[in-house]
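Visitor: Could you show me how to read a protein model, one feature at a time? I am new to this.

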Amino acid sequence: SQLPVMHAGQSIGMITERGVLAKLGTGINIDKGKVEDVMEDACPTIPENTPLQIITQMLDYNSAVLVKKKGKITGIITKSDLLKTLLKAR
């Protein structure tokens, strides 16, 4: 439900399901629009060894966090991913 918008290897924004649906309600023609028409602010980026507790706190304020390894984005963690991890641990 989230997709990072990348430019030159860096995250410059996010496209979210919620954001696209909200734009549809405003009459914007998404089929002929540009990414920037529906793009939201970029999600925070964290190193791959960030503790789960910190990620949990970040997801209280962000829809996702991007994971970076050796300067490159290697993954995305969403609230759904966090719930799956917590449920497996039980």
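Visitor: Where is the place of threonine 26?

Guide: Helices (H or I, at least four residues) and strands (E, at least two) are DSSP runs, numbered from the N terminus. Threonine 26 lies in the loop between helix H1 (17-24) and helix H2 (35-38). Residues are numbered from 1 along each chain as its sequence is written. This is a predicted model, where local features need pLDDT of at least 70, side-chain atom pairs count only at pLDDT 80 or more, and totals for chains, interfaces and linings use all residues, while side-chain values use heavy atoms, leaving out hydrogens and water.

Visitor: What is the mean pLDDT of the chain?

Guide: pLDDT is the predictor's confidence in each residue, from 0 to 100. Here the chain's mean is 88, and 100% of its residues reach 70 or more.

Visitor: Does threonine 26 count as buried or exposed, and why?

Guide: Buried means under 20% relative accessible area, exposed over 50%, and partly exposed in between (1.4 Å probe, protein chains only). Threonine 26 counts as exposed because its relative accessibility is 56%.

Visitor: And threonine 78, is that buried or exposed?

Guide: Threonine 78, found in strand E5 (residues 72-78), is buried because its relative accessible area is 13%.

Visitor: Which residues is threonine 78 in contact with, leaving aside neighbours within four places in sequence?

Guide: Contact means heavy atoms within 4.5 Å. With those neighbours left aside, threonine 78 touches Gln2, Leu59, Ser63 and Ala64 in this sense.
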